[in-house]
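Here are my notes for a first look at this model. Have the sequence and the 3D view open as you go through the points.

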Amino acid sequence: MEKWFFINWQAIFIPSISIFELIIRGSLVYLALFSVLRLLPSRQLGTLGITDLLVVVLFAEAAQNAMASNYTSITEGAILVGTVIFWSYLLNWLGYKLPQFQRFLNPPPLLLVKNGRMIERHLQRELITDDELMSKLRQQGVEFLADVKFAYIEADGRISIIMSDAKTSIVPEKKVALKSDLH
């Protein structure tokens with residue numbers, strides 16, 4: 001009965017490992033995960049797919065052990081959270097102040113369609129199938145690929161579209177239909 005009301009205040013607030021070790025561990029893991037995620041293609045076109053969710057969960061599990069070993073105090077958790085927030089803010093601040101660094105943080109838009117024609121090597125680079133691209137174009141109200149002047153995949157995985165002028169579009173009978181329209 002006595003254990004029900006006993007609180008070990010020392011275990012709650014006093015870190016069991018060095019504060020500097022926590023900061024170094026948190027920094028190294030954050031920067032390593034950031035680098036890995038930055039190098040992955042924008043595969044899911046702005047959506048969170050099952051593989052993305054799995055990667056996040058597994059990263060979180062692996063990172064927890066690497067960052068904190070076996071921490072038990074609230075102070076250790078707060079230091080790790082503070083370290084992650086610090087790096088996130090610092091990288092965003094550097095991206096704001098240094099345009100060259102911003103290009104590293106957020107890749108420039110990648111051209112996927114130019115004047116009604118898909119750029120296959122860019123689709124392959126981002127692991128996007130023709131059908132996936134067509135689906136995204138249809139979702140944005142594009143009926144014919146020939147109506148698209150430019151389509152880009154943005155840094156966040158969304159597709160942005162610049163339509164051709166209506167006056168310069170090809171006559172409806174000669175427009176290139178989306179693949180799914182041909183079936």
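1. A contact here means heavy atoms within 4.5 Å. In the protein chain, residues 24 or more positions apart account for 65% of the contacts with a separation of 6 or more.

2. Some ground rules. This is a predicted model, in which local features need pLDDT of at least 70 and side-chain atom pairs count only at pLDDT 80 or more, while totals for chains, interfaces and linings use all residues. Residues are numbered from 1 along each chain as its sequence is written, and side-chain values use heavy atoms, with hydrogens and water left out.

3. Now the layout. The protein chain has seven helices and four strands, in the order α-α-α-α-α-β-β-α-α-β-β along the sequence. These are DSSP runs numbered from the N terminus: helices are H or I with at least four residues, strands E with at least two.

4. On to the strands, which count as paired if DSSP finds at least two bridges between them. β1 and β3 run antiparallel and are joined by four bridges; Lys 114 has Phe 150 in β3 as its bridge partner. β3 also pairs with β4 (residues 159–163), again in the antiparallel sense, over five bridges, and Val 148 sits opposite Met 163 in β4. Five residues lie between the strands of the β3 and β4 hairpin, where Gly 157 takes a positive phi near 95 degrees.

5. What about the inside? Buried residues (under 20% relative accessible area; exposed is over 50%, partly exposed in between; 1.4 Å probe, protein chains only) make up 27% of the 183 residues. A nonpolar core is a set of buried Ala, Val, Leu, Ile, Met, Phe, Trp, Tyr and Cys residues joined through side-chain atoms within 4.5 Å. The largest one has 15 residues, and Leu 112, Val 113, Met 118, Leu 133 and Leu 137 have the most contacts inside it. β1 (110–114), α7 (130–139) and β3 (148–153) each supply at least two of its residues. A second, separate core of five residues includes Tyr 30, Phe 34, Leu 91 and Leu 105.

6. Take a look at His 122 too, in helix α6 (residues 120–125). His 122 counts as buried because its relative accessibility is 14%. Not counting residues up to four places away in sequence, His 122 touches Leu 110, Leu 111 and Leu 112.

7. For contrast, find Ile 74 in helix α4 (residues 74–97). Ile 74 counts as exposed because its relative accessibility is 53%.
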